[in-house]
Amino acid sequence: MLVHLNRFPAVRHLLAAAAAAAFVSIPAVAQETMKLGLVAAMSGQSAKSGEAIVRGLSIAIDEVNAKGGLLGKKVELVVRDDESNPAKGAVAARELVQREKVAALFGGLDTPVSIAIVPFANSSKIPFMGVWAAGTPITRNGAAENYVFRVSAVDELVDRALVDYSVAKYAAKKPGMILINNPWGESNEKGLKAALAAKNIPYAGIEKFETNDVDVVPQLARLKGAGADVLYLVANVAPSSQVVKSLDRMGWNVPIVSHWGPAGGRFSELAGPSASKVHFIQTYSFSGKLSQKGEAVLAALKKKYPEIKTLADVTPAVGIANAYDAMHLTVLAIAKAGSTDGAKVRQAFYAIDSYDGLIKTYTRPFSPENQDALGEKDYIFTHFVDGAILPLTQ
Amino acid sequence: MSGLCLGSMYGLIALGFHMTYVVSKTVNFSQGSSVMLGAVLGYTFAVRLGWPPPIAFAGALVLCALFGLLVERTLVRPFAARGSNAWLMATVAGGIVLDNVVLFTFGKEPRSFPSVLAVKPIEVFGTGVYPLQLLIPAVGIGIAAILAALMRRTRRGKALLAVVQNTDAAKLMGINVARTIAVTYALSTALAGLAGLLIAPLFSVHSDMGTLFGIKAFAVAILGGITSASGVMLAGLLYGVSEAMVTALLGSSYTQIVMFSVVIAALALMPNGLFGRAPVKKV
């Protein structure tokens with residue numbers, strides 16, 4: 001995909017510029033604003049994720065501005081497209097900090113892009129808030145002074161949750177792994193192996209497949225032959241649906257416990273009726289009975305973005321919800337610090353007592369030992385029913 | 001079984017490489033994009049516009065053929081006429097342009113192309129397959145056979161062969177060489193489009209779905225000895241089946257490594273491909 005995105009830089013730059021211009025022009029007020037930056041995929045196959053993040057952040061910013069803004073200024077979001085390309089993301093982060101003077105950065109879906117930004121954020125003492133990318137080393141980066149925080153899933157914890165779920169729900173004794181052949185699949189291979197080893201559960205096998213593989217039957221047949229009783233699936237929407245279709249052809253009805261890849265698009269349509277068999281992890285769902293806050297955010301979303309009509313349109317919900325809570329936590333930290341000085345804001349993140357958020361009520365969400373606000377207990381399992389993501393009960 | 005299905009896909013696309021190569025010593029590197037074009041147009045006509053399938057598919061194939069004519073006229077002929085090899089880069093570029101045009105018009109999200117032939121699996125030799133997976137090899141082999149017959153039996157086919165053997169002599173005999181070459185380009189992209197239509201229900205329709213097919217099909221074309229139609233088809237089947245076997249026996253991590261190493265080894269040992277003939281150099 002990286003190759004793909006590079007094919008047409010000129011057009012993409014134009015689009016990115018247009019997108020950025022559109023966002024920049026929103027609060028056209030003469031007074032000075034408090035700028036916050038976002039570096040995310042706004043074009044290419046992951047563009048939907050960037051759109052969701054912008055929506056979540058914008059709804060939170062509207063709430064903050066309605067209450068008088070932050071440190072006496074209106075908050076303004078400045079968006080840059082990273083095209084899912086780590087080099088472009090790093091340049092964009094630098095530009096936002098040095099030219100736009102943003103007080104904090106928010107990150108997007110791609111783990112490699114976030115990892116490219118982490119050293120810059122730490123060395124220039126700019127708080128960098130992850131709202132999607134789940135790669136474990138983003139927040140656990142080994143820096144003495146760590147400026148990277150996150151409100152999202154963490155691969156290592158997701159893998160433990162996948163194993164726990166498969167044991168609790170399906171009494172898994174010998175699970176098999178079917179993973180996309182890229183760094184994301186690899187990081188989860190490590191995580192899943194560790195999580196299984198901790199529970200003393202052997203695995204039937206580990207199989208990889210490519211994003212554009214049509215037929216995954218040979219890989220699945222190997223797992224079946226090795227006696228797999230549950231499958232762990234790690235891949236994005238389109239490749240995940242090839243796994244489901246291949247299982248259908250084989251007539252192998254095996255429980256599938258999955259990372260959140262399927263949530264990013266039209267999984268129901270691509271995978272067919274068996275899509276609902278895939279149980280995947282999420283941090284939030286707008287379906288079912290919502291909290292008061294959930295109702296309020298959903299109403300605000302529908303008002304601000306008239307194209308949102310049904311629950312199927314608020315996907316990926318994780319992007320919206322994580323971004324919404326992350327923005328509020330960041331605003332709290334900056335308000336508490338009383339300044340935009342990075343070092344002070346970092347300390348203020350640790351000092352946040354409690355925040356009643358969309359995903360949960362955060363109590364002391366950050367500490368120097370744990371810069372991830374969400375943990376294993378905050379994950380929910382969901383599945384697709386007719387295009388909408390519905391929560392499952394264990 | 002799934003190997004045969006994918007193998008005949010590779011074969012169909014590779015036949016396109018074969019045809020243009022034998023006639024004009026050029027190949028169309030946007031074949032992968034033509035696969036995608038067939039699937040995307042088929043999806044647009046049949047699913048989005050709701051046309052009856054036969055009309056939708058015929059429409060998609062005709063447009064694919066027109067794309068082939070366009071490629072030949074604008075990306076190959078001007079360069080080949082100058083004796084330049086720039087058509088190579090031009091056709092690659094053409095494919096990339098098409099991929100991106102589709103990305104912006106068709107959309108970024110992969111879509112599903114339902115087919116009645118890919119709903120209920122039937123059991124064959126102990127494994128479940130869709131009827132479509134049986135149809136694809138049948139179509140592939142059928143088309144290879146028809147092509148071979150057409151070449152030998154019909155006037156147009158004989159004209160084609162004449163162009164293959166000696167362009168200048170063919171011209172002197174009153175054969176319109178330029179038109180013959182254009183027709184083979186149209187036919188070859190239509191074949192790729194057909195492959196795209198056939199594979200779409202088993203896959204999903206998106207703008208870069210054809211890239212990998214194009215690369216593998218070119219490997220197949222070279223492997224089969226690009227000068228022999230039946231050799232190319234056979235190499236396609238061989239490639240597809242070996243690919244599935246390697247995955248099943250050694251595991252998927254080794255598939256690409258083993259397959260492409262084998263291709264390299266095969267070419268080192270048999271430089272003209274498995275079924276190709278060495279060109280006779282006349283002095």
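This is a predicted model: local features need pLDDT of at least 70, side-chain atom pairs count only at pLDDT 80 or more; totals for chains, interfaces and linings use all residues.

Reader: OK. At what angle do α8(A) and α9(A) pack?

Author: About 65 degrees, and their axes are 9 Å apart. Helix α8 of chain A covers residues 217-225, and helix α9 of chain A covers residues 237-250.

Reader: Is that crossing of α8(A) and α9(A) left-handed or right-handed?

Author: Right-handed.

Reader: Which residues of α8(A) and α9(A) meet there?

Author: From α8(A), V217(A), L220(A) and A221(A). They meet S246(A), L247(A), R249(A) and M250(A) in α9(A). By class, this contact has five nonpolar residues, one polar and one charged.

Reader: Switching to α12(A). How many residues does it have, and how far does it reach?

Author: Helix α12 of chain A runs over residues 317-337, which is 21 residues. From first C-alpha to last, α12(A) reaches 30 Å, close to the 30 Å expected.

Reader: Why call α12(A) largely enclosed?

Author: Because 19 of its 21 residues are buried, the rest of the structure largely encloses α12(A).

Reader: And what follows α12(A)?

Author: G338(A), with a positive phi near 70 degrees.

Reader: Now the hairpin. Do β13(A) and β14(A) pair in the parallel or antiparallel sense?

Author: Antiparallel, over four bridges. Strand β13 of chain A is residues 380-385, and strand β14 of chain A is residues 388-391.

Reader: What stands opposite H383(A)?

Author: L390(A), in β14(A).

Reader: How many residues lie between the strands of that hairpin?

Author: Two. In this hairpin, D386(A) takes a positive phi near 50 degrees.

Notes. Residues are numbered from 1 along each chain as its sequence is written. Chains are lettered from A and ligands numbered from 1 in the order in which they are written. Axes are lines fitted to C-alpha atoms, for helices over the stretch in contact, and angles run from 0 to 180 degrees between N-to-C directions. A crossing is left-handed if the near helix is turned anticlockwise from the far one by less than a right angle, and right-handed if clockwise. Two residues are in contact if their C-beta atoms, placed from the backbone, lie within 7 Å. Ala, Val, Leu, Ile, Met, Phe, Trp, Tyr, Cys and Pro count as nonpolar, Asp, Glu, Lys and Arg as charged, and the others, Gly among them, as polar. Two strands pair if DSSP finds at least two bridges between them. The expected span of a helix is 1.5 Å times one less than its number of residues. A residue is buried if 20 or more other C-beta atoms lie within 10 Å of its own, exposed if 12 or fewer, and partly exposed in between; C-beta atoms are placed from the backbone.
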